[in-house]
Amino acid sequence: MRYISALATTGTGTIMQTTRIGDFEVHRISEFEGPFIAPETFFPAYDAAILRANPDMQGPTLVDPASGKLIFSFLSFVVKTGRHNILIDACIGNHKERPTRPQFHRLQSPFLADLARTGVTPEQIDFVMCTHLHWDHVGWNTRLDNGRWVPTFPNARYLMARREFEHWQGMHAKGEESPHVRAFDDSVLPVVKSGQSVLVDDGYAFEDGFFFEHAPGHTPGNVVIEARSRDDRAVFLGDVIHHQFQLMAPAWSTSACTDPVLSKATRTRLIEQYADSCMRLLPGHFPSPTAGKIVRKGNAFRFAFEQ
């Protein structure tokens, strides 16, 4: 995998880069990049002593020095396989009611213009693949049209894990109030009602060289998506690892995890599996340039970004 072009701005706006996985062309679109949340808020088990003990493992662009907040990117990936155009995760979305997330409430971003700059229109997206159904990964599944939420990608099939869908369907039926349930209502159910959703089971394999691996904890049906082309392999991690700090402290599950204990187990397993391997990783929230590999250093790990 290598970067073949890049364009970046910070904040709510455009951060685009292009990567290759074998014959696949991968465009990274960031709807927001910048300070997001304080580490002690996001990680209930946060311990600054672990960071002080590993000063050479932290790397740049992890924490905003002015605010002390973690630097996050909110990402979608457009994959051109030569046969299909695939969108992996659909970011935040415009006009969405997210009152408990004021940074992103009724957002107005240039996401569709950025998509067009990849050479793909919404009509040309063949598949949307969801690592999980949290609000910041499904927002552009739909767009507002005359007061109605309609599928943004009218010709796409939306692939999502059956376990994940059934979990949030249950939360929605109970009337639970959360950004994720709001997102299920405005960004998931409309593509179900349009007949464009496809619920897939554990181990689902897609013909172009994609494989869904069940990776529960952050959410019950969370998956990682492996892509293979020729002898190149990469995995779209979603939120298994939110931030590079979790490589120094894999036990740090987040306040957003449905099952923190299972999240820790899944994260630790995958970190061990991918460390010092040929596998390239594309996490769902790492800042630019996002892609890289996990490198072991003693009993700890760090993330080596690809340049």
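**Pockets, helices and backbone features of the predicted model**

About 200 Å³ of space lies in the largest pocket. Strand S3 (24-37), strand S4 and helix H4 (135-138) are the elements that give two or more residues to the lining of this pocket. The lining comprises 16 residues, of which Phe36, Phe42, Arg101, Trp135 and Ala256 lie nearest the centre of the pocket. A pocket is defined on a 1 Å grid over the protein atoms alone as an open set of points with protein on both sides within 12 Å along at least five of seven lines, whereas a cavity is a set of points where a 1.4 Å probe fits but cannot get out; lining residues have an atom within 4 Å of a point. Grid points are joined across faces, edges and corners, and a volume is the space filled by probe spheres set on the points. Helices (H or I, at least four residues) and strands (E, at least two) are DSSP runs, numbered from the N terminus.

The model is predicted: local features need pLDDT of at least 70, side-chain atom pairs count only at pLDDT 80 or more, and totals for chains, interfaces and linings use all residues. Residues are numbered from 1 along each chain as its sequence is written, and side-chain values use heavy atoms, with hydrogens and water left out.

Two cavities of 30 Å³ or more were counted. The largest cavity has a volume of about 40 Å³ and is lined by Leu75, Phe77, Ile88, Asp89, Leu237, Gly238, Leu282, Pro283 and Gly284. At least two residues of this lining are supplied by each of S4, strand S14 (232-238) and strand S15 (280-283).

Serine 76 is placed in strand S4 (residues 70-80). With a relative accessible area of 0%, serine 76 is buried; buried means under 20% relative accessible area, exposed over 50%, and partly exposed in between (1.4 Å probe, protein chains only). Contacts (heavy atoms within 4.5 Å) of serine 76, leaving aside its neighbours within four places in sequence, are made with His27, Arg28, Ile29, Leu87, Ile88, Asp89, Ala90, Cys91 and Phe111. The side chain of serine 76 reaches the backbone nitrogen of cysteine 91 at 3.4 Å. Cysteine 91 belongs to the loop between strand S5 (85-88) and helix H3 (111-117) and is likewise buried, with a relative accessible area of 0%.

Most residues other than glycine have a negative phi, and most peptide bonds are trans. Cysteine 91, however, has a positive phi near 55 degrees. Asparagine 146 also has a positive phi, near 55 degrees, and is found in the loop between strand S7 (142-145) and strand S8 (148-151). At 76% relative accessibility, asparagine 146 counts as exposed. Serine 288 and proline 289 are joined by a cis peptide bond with an omega of about 10 degrees; proline 289 lies in the loop between S15 and strand S16 (292-297).

Helix H5 (residues 162-174) has 13 residues and, at 1.5 Å a residue, should span 18 Å, which agrees with the 18 Å between its end C-alpha atoms. The expected span is 1.5 Å times one less than the number of residues. The buried residues of H5 are Glu164, Phe165, Trp168 and Met171. Seen down the axis, these residues fall within an arc of 130 degrees, so they line one face of H5; the arc is that of the directions from the helix axis to the C-beta atoms. Strand S9 (157-161), helix H6 (179-193) and strand S10 (197-200) are among the elements covering the buried residues of H5, while the face turned away from the buried side carries the exposed residues Ala173 and Lys174. Glycine 175, with a positive phi near 80 degrees, follows H5.

Glycine 221, in the loop between strand S12 (210-214) and strand S13 (223-229), counts as buried at 1% relative accessibility. Leaving aside neighbours within four places in sequence, glycine 221 is in contact with Thr131, Ala161, Arg163, Glu164 and His214. The C-alpha atoms of glycine 221 and glutamate 166 are separated by 8.6 Å, although these residues are 55 residues apart along the chain.

In helix H8 (residues 260-274), the 15 residues should span 21 Å at 1.5 Å a residue, in agreement with the 21 Å between the end C-alpha atoms. Ser263, Thr266, Arg267, Leu270, Ile271 and Tyr274 are the buried residues of H8. They cover an arc of only 130 degrees around the axis, which puts them on the same side of H8. Just after H8, aspartate 276 takes a positive phi of about 55 degrees.

Methods:
Polar contact = N/O pair within 3.5 Å; in protein donor to acceptor, adjacent residues only side chain to side chain.
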